[in-house]
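Open the model in your viewer and keep the selection panel at hand. Each stop below says what to pick next and what to look for.

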Amino acid sequence: MPASAVEQVLEDALRLFRWRYMHQRPAQTSKGWRTALTGDRGFPDFVAVRRERIIYIEAKGKTNKLEPEQVAWRDAIVAAGGEYYLVRPANLDDFVRDVLASR
Ligand SMILES: [Mg+2]
């Protein structure tokens, strides 16, 4: 299961369980895939809010590794007390059940 399929499942679950979310997606340009942004690269794929909770989710395929910029964001979010999740095919079902579907 590629990261794009993990992202699709996450998006469906976020909607189903009524999270307000933002999914950052790259666009194809003449120079390849690019994500328009200013600031620091590597922000998690999703930020989602429901009631008193805000979570950050990075979606990856089975063997994709976090880029150094993504590690920096993870560490900064966790240091600030944020809830950060790295979701792969192997933990996708558990994540949806334990985090997205939970109260
Ligand atoms: Mg990703």
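Select helices α1 and α3.

Now show the side chains between them. V6, V9, A13 and L14 of α1 meet P89, L92, V96 and L100 of α3. Contact means that the C-beta atoms of two residues, placed from the backbone, lie within 7 Å. By class, the residues of this α1–α3 contact are eight nonpolar, no polar and no charged. Nonpolar covers Ala, Val, Leu, Ile, Met, Phe, Trp, Tyr, Cys and Pro; charged covers Asp, Glu, Lys and Arg; the others, Gly among them, are polar.

A word on what is on screen. This is a predicted model, in which local features need pLDDT of at least 70, side-chain atom pairs count only at pLDDT 80 or more, and totals for chains, interfaces and linings use all residues. Residues are numbered from 1 along each chain as its sequence is written.

Zoom out to the whole chain. It has three helices and six strands, in the order α-β-β-β-β-β-α-β-α. These elements are DSSP runs, numbered from the N terminus: helices are H or I with at least four residues, strands E with at least two. The C-alpha trace spans about 45 × 30 × 25 Å along its principal axes. Among contacts between residues at least 6 apart in sequence, 66% join residues at least 24 apart.

Next, the core. Select L10, L14, A48, I57, A59, V87 and L100: of the 13 residues in the largest nonpolar core, these touch the most other members. Such a core is a set of buried Ala, Val, Leu, Ile, Met, Phe, Trp, Tyr and Cys residues joined through C-beta atoms within 7 Å. The elements giving two or more residues to this core are α1 (3–16), β4 (46–50), β5 (53–59) and α3 (89–100). The most come from α1, which gives four.

Buried residues make up 17% of the 103 residues in the chain. A residue is buried if 20 or more other C-beta atoms lie within 10 Å of its own, exposed if 12 or fewer, and partly exposed in between, with C-beta atoms placed from the backbone.

Stay on A59. Which residues does A59 contact, leaving aside its neighbours within four places in sequence? They are A3, V6, E7, L10, D45 and V87.

Move to two loops. R18 sits between α1 and β1 (20–23). Its phi is near 60°, a positive value in a residue other than glycine. R18 is exposed, with 10 other C-beta atoms within 10 Å. Then pick R51, in the loop between β4 and β5. Phi of R51 is near 50°, again positive in a residue other than glycine. R51 counts as exposed, with 9 C-beta neighbours inside 10 Å.

Last stop: Q70, in helix α2 (residues 68–79). Q70 has 18 C-beta neighbours inside 10 Å and so counts as partly exposed. Beyond its neighbours within four places in sequence, Q70 is in contact with G42 and E58. Draw a distance to Q8, 62 residues apart from Q70 along the chain: their C-alpha atoms are separated by 20 Å.
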